[in-house]
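Please look over the sequence and the structure shown here, and follow the paragraphs below from a single loop position to the sheet and then to the packing around it.

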Amino acid sequence: MTATQNRLWTIEEYHRMIDAGILTPEDKVELLDGRIIQMSPQKPPHAGTTQRVDRYLQDLLRNRAEIRVQLPITLATSEPEPDIAVVRIDAAAYGDHHPTSSEILLLIEVSYSTFDIDFNEKSLIYARANIADYWILDVLERQVYILRQPTESGYQEVVVLSQDAVIAPLAFPEITIPFAELFLP
(Lines give C-alpha, C1' and ligand atoms only; values in the text may rest on other atoms or scores of the structure.)
Protein backbone atom coordinates (compact mmCIF):
# COMPACT_ATOMS: atom_id res chain seq x y z
CA MET A 1 0.00 0.00 0.00
CA THR A 2 1.37 3.40 -0.98
CA ALA A 3 0.55 6.60 0.82
CA THR A 4 0.04 9.64 -1.39
CA GLN A 5 0.35 13.29 -0.54
CA ASN A 6 -1.09 16.33 -2.20
CA ARG A 7 1.37 18.55 -4.05
CA LEU A 8 1.03 22.08 -2.71
CA TRP A 9 1.74 24.97 -5.06
CA THR A 10 3.43 28.27 -4.27
CA ILE A 11 2.12 31.63 -5.41
CA GLU A 12 4.99 31.84 -7.90
CA GLU A 13 4.25 28.39 -9.37
CA TYR A 14 0.55 29.26 -9.59
CA HIS A 15 1.41 32.45 -11.50
CA ARG A 16 3.72 30.54 -13.84
CA MET A 17 0.88 28.12 -14.65
CA ILE A 18 -1.32 31.11 -15.49
CA ASP A 19 1.42 32.75 -17.58
CA ALA A 20 2.04 29.47 -19.46
CA GLY A 21 -1.67 29.08 -20.24
CA ILE A 22 -2.00 25.90 -18.18
CA LEU A 23 -4.63 27.68 -16.09
CA THR A 24 -6.98 30.02 -17.93
CA PRO A 25 -9.92 32.21 -16.86
CA GLU A 26 -12.23 29.44 -18.11
CA ASP A 27 -10.81 27.13 -15.41
CA LYS A 28 -12.39 29.27 -12.66
CA VAL A 29 -9.95 28.28 -9.93
CA GLU A 30 -8.31 29.90 -6.94
CA LEU A 31 -5.28 28.99 -4.83
CA LEU A 32 -6.16 28.16 -1.22
CA ASP A 33 -3.33 27.16 1.11
CA GLY A 34 -1.31 25.84 -1.81
CA ARG A 35 -4.20 23.85 -3.32
CA ILE A 36 -5.77 24.76 -6.64
CA ILE A 37 -9.50 24.68 -5.99
CA GLN A 38 -12.35 24.79 -8.50
CA MET A 39 -14.66 27.70 -7.70
CA SER A 40 -18.37 27.04 -7.35
CA PRO A 41 -20.67 28.27 -10.11
CA GLN A 42 -22.78 31.23 -9.09
CA LYS A 43 -26.54 30.95 -8.76
CA PRO A 44 -28.66 34.10 -9.21
CA PRO A 45 -29.05 34.87 -5.45
CA HIS A 46 -25.25 34.84 -5.04
CA ALA A 47 -24.59 36.94 -8.14
CA GLY A 48 -27.37 39.40 -7.35
CA THR A 49 -26.26 39.86 -3.75
CA THR A 50 -22.64 40.38 -4.81
CA GLN A 51 -23.72 43.01 -7.32
CA ARG A 52 -25.90 44.75 -4.72
CA VAL A 53 -23.07 44.84 -2.15
CA ASP A 54 -20.69 46.20 -4.78
CA ARG A 55 -23.03 49.03 -5.79
CA TYR A 56 -23.76 49.97 -2.19
CA LEU A 57 -20.10 50.02 -1.13
CA GLN A 58 -19.01 51.86 -4.30
CA ASP A 59 -21.36 54.70 -3.39
CA LEU A 60 -20.57 54.61 0.32
CA LEU A 61 -16.78 54.48 0.05
CA ARG A 62 -16.16 56.50 -3.11
CA ASN A 63 -12.72 58.16 -2.95
CA ARG A 64 -11.98 56.40 0.37
CA ALA A 65 -11.26 52.85 -0.82
CA GLU A 66 -11.38 50.67 -3.89
CA ILE A 67 -14.01 47.95 -4.15
CA ARG A 68 -12.81 44.85 -6.01
CA VAL A 69 -15.35 42.24 -7.05
CA GLN A 70 -14.25 38.61 -7.42
CA LEU A 71 -10.67 39.60 -8.17
CA PRO A 72 -7.53 38.00 -6.72
CA ILE A 73 -5.76 39.02 -3.55
CA THR A 74 -2.31 37.66 -2.77
CA LEU A 75 -1.62 36.13 0.64
CA ALA A 76 1.31 33.97 1.81
CA THR A 77 0.08 30.61 0.43
CA SER A 78 -3.18 31.60 -1.19
CA GLU A 79 -4.58 33.69 -3.97
CA PRO A 80 -8.33 33.62 -3.35
CA GLU A 81 -10.88 35.70 -5.21
CA PRO A 82 -13.22 36.99 -2.51
CA ASP A 83 -16.60 38.24 -3.62
CA ILE A 84 -15.82 41.72 -2.29
CA ALA A 85 -12.44 43.13 -1.25
CA VAL A 86 -12.37 46.66 0.13
CA VAL A 87 -8.77 47.77 -0.35
CA ARG A 88 -6.62 50.86 0.00
CA ILE A 89 -6.56 53.14 -3.01
CA ASP A 90 -3.48 52.37 -5.10
CA ALA A 91 -2.03 55.01 -7.42
CA ALA A 92 -1.23 52.29 -9.98
CA ALA A 93 -4.76 50.82 -9.66
CA TYR A 94 -3.20 47.47 -8.73
CA GLY A 95 -1.83 47.14 -12.24
CA ASP A 96 1.45 45.73 -10.97
CA HIS A 97 0.25 43.44 -8.15
CA HIS A 98 -2.86 42.06 -6.50
CA PRO A 99 -3.74 43.59 -3.12
CA THR A 100 -1.90 42.03 -0.19
CA SER A 101 -2.98 41.72 3.42
CA SER A 102 -1.55 45.13 4.38
CA GLU A 103 -3.75 46.76 1.70
CA ILE A 104 -6.99 44.94 2.57
CA LEU A 105 -9.47 46.84 4.73
CA LEU A 106 -12.43 44.43 4.61
CA LEU A 107 -13.23 41.13 2.93
CA ILE A 108 -16.77 39.94 2.25
CA GLU A 109 -17.79 36.52 1.00
CA VAL A 110 -21.35 36.08 -0.22
CA SER A 111 -22.40 32.61 0.82
CA TYR A 112 -25.25 30.87 -0.95
CA SER A 113 -23.87 27.35 -1.35
CA THR A 114 -20.33 27.81 -0.01
CA PHE A 115 -20.81 28.55 3.69
CA ASP A 116 -18.61 25.69 4.93
CA ILE A 117 -15.69 26.78 2.75
CA ASP A 118 -16.20 30.48 3.58
CA PHE A 119 -16.52 29.89 7.33
CA ASN A 120 -14.18 26.97 7.96
CA GLU A 121 -11.51 27.19 5.29
CA LYS A 122 -11.29 30.77 4.03
CA SER A 123 -11.69 32.25 7.50
CA LEU A 124 -8.54 30.45 8.66
CA ILE A 125 -6.61 31.62 5.59
CA TYR A 126 -7.77 35.20 6.12
CA ALA A 127 -7.04 35.10 9.87
CA ARG A 128 -3.51 33.79 9.28
CA ALA A 129 -3.02 36.66 6.80
CA ASN A 130 -4.07 39.07 9.58
CA ILE A 131 -7.17 40.36 7.75
CA ALA A 132 -8.77 42.31 10.59
CA ASP A 133 -12.35 42.43 9.28
CA TYR A 134 -14.00 39.52 7.43
CA TRP A 135 -17.74 39.25 6.83
CA ILE A 136 -19.77 36.35 5.49
CA LEU A 137 -23.21 37.20 4.12
CA ASP A 138 -25.31 34.07 4.57
CA VAL A 139 -27.87 34.55 1.82
CA LEU A 140 -30.07 31.60 2.81
CA GLU A 141 -30.35 32.55 6.49
CA ARG A 142 -30.21 36.31 5.81
CA GLN A 143 -27.61 36.89 8.47
CA VAL A 144 -24.05 38.17 8.59
CA TYR A 145 -21.08 36.58 10.31
CA ILE A 146 -18.59 39.19 11.48
CA LEU A 147 -15.14 37.71 12.09
CA ARG A 148 -12.52 39.83 13.83
CA GLN A 149 -9.39 39.57 15.98
CA PRO A 150 -7.34 37.32 13.69
CA THR A 151 -4.73 34.90 15.06
CA GLU A 152 -2.74 32.03 13.56
CA SER A 153 -5.43 29.63 14.78
CA GLY A 154 -8.40 31.60 13.42
CA TYR A 155 -10.61 34.52 14.36
CA GLN A 156 -11.13 35.04 18.08
CA GLU A 157 -14.33 37.06 17.67
CA VAL A 158 -17.26 35.69 15.67
CA VAL A 159 -20.57 37.53 15.89
CA VAL A 160 -23.71 36.56 13.98
CA LEU A 161 -26.10 39.43 13.21
CA SER A 162 -29.48 39.54 11.52
CA GLN A 163 -30.18 41.47 8.35
CA ASP A 164 -31.75 44.17 10.54
CA ALA A 165 -28.44 44.96 12.26
CA VAL A 166 -26.14 47.87 11.54
CA ILE A 167 -22.35 47.82 11.95
CA ALA A 168 -19.30 49.94 11.22
CA PRO A 169 -16.34 48.40 9.38
CA LEU A 170 -13.16 48.52 11.46
CA ALA A 171 -11.39 50.61 8.82
CA PHE A 172 -14.23 53.16 8.73
CA PRO A 173 -15.64 53.47 12.27
CA GLU A 174 -17.49 56.66 11.35
CA ILE A 175 -19.60 54.84 8.74
CA THR A 176 -22.43 52.47 9.60
CA ILE A 177 -23.72 49.88 7.20
CA PRO A 178 -27.27 48.56 7.55
CA PHE A 179 -27.16 44.94 6.45
CA ALA A 180 -30.62 45.26 4.94
CA GLU A 181 -28.91 47.31 2.20
CA LEU A 182 -26.64 44.38 1.33
CA PHE A 183 -29.26 41.65 0.95
CA LEU A 184 -31.65 41.32 -1.97
CA PRO A 185 -35.20 42.51 -1.22
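Ser-101 is placed in the loop between β4 and β5, where helices (H or I, at least four residues) and strands (E, at least two) are DSSP runs, numbered from the N terminus. With a relative accessibility of 28%, Ser-101 counts as partly exposed, because buried means under 20% relative accessible area, exposed over 50% and partly exposed in between, for a 1.4 Å probe and protein chains only. Apart from its neighbours within four places in sequence, Ser-101 is in contact with Thr-74, Leu-75, Ala-129 and Ile-131, contact being heavy atoms within 4.5 Å. Ser-101 and Ala-132 are 31 residues apart in sequence, yet their C-alpha atoms are 9.2 Å apart in space.

This is a predicted model, in which local features need pLDDT of at least 70 and side-chain atom pairs count only at pLDDT 80 or more, while totals for chains, interfaces and linings use all residues. Residues are numbered from 1 along each chain as its sequence is written, and side-chain values use heavy atoms, with hydrogens and water left out.

Strand β4 (residues 84-87) pairs in the antiparallel sense with strand β3 (residues 66-69) over four bridges, and Val-69 has Ile-84 as its bridge partner in β4. Four bridges also join β4 to strand β5 (residues 104-111), again in the antiparallel sense, and here Val-87 stands opposite Ile-104. In a regular strand the side chains alternate between the two faces of the sheet. In β4, Ile-84 and Val-86 point one way and Ala-85 and Val-87 the other way, and all are buried.

What does the largest nonpolar core contain? It has 23 residues, of which Leu-57, Val-86, Ile-108, Trp-135, Leu-137, Phe-179 and Leu-182 touch the most other members; such a core is a set of buried Ala, Val, Leu, Ile, Met, Phe, Trp, Tyr and Cys residues joined through side-chain atoms within 4.5 Å. Two or more residues of this core come from each of α2 (44-60), β4, β5, β6 and β7. A second, separate core of 18 residues includes Ile-104, Ala-129, Ile-131 and Leu-147. In soluble globular proteins, nonpolar side chains tend to be buried together.

Six aromatic pairs are found in the whole structure, rings of Phe, Tyr and Trp (its six-membered ring) being paired if their centres lie within 6.5 Å, with planes under 30 degrees apart counted as stacked, over 60 as edge-to-face and the rest as tilted. Tyr-126 and Tyr-134 form an edge-to-face pair, at 4.8 Å centre to centre and 80° between the planes. Tyr-126 is buried at 0% relative accessibility, and Tyr-134 is buried with a relative accessible area of 0%.

Key. Pairing = 2+ DSSP bridges.
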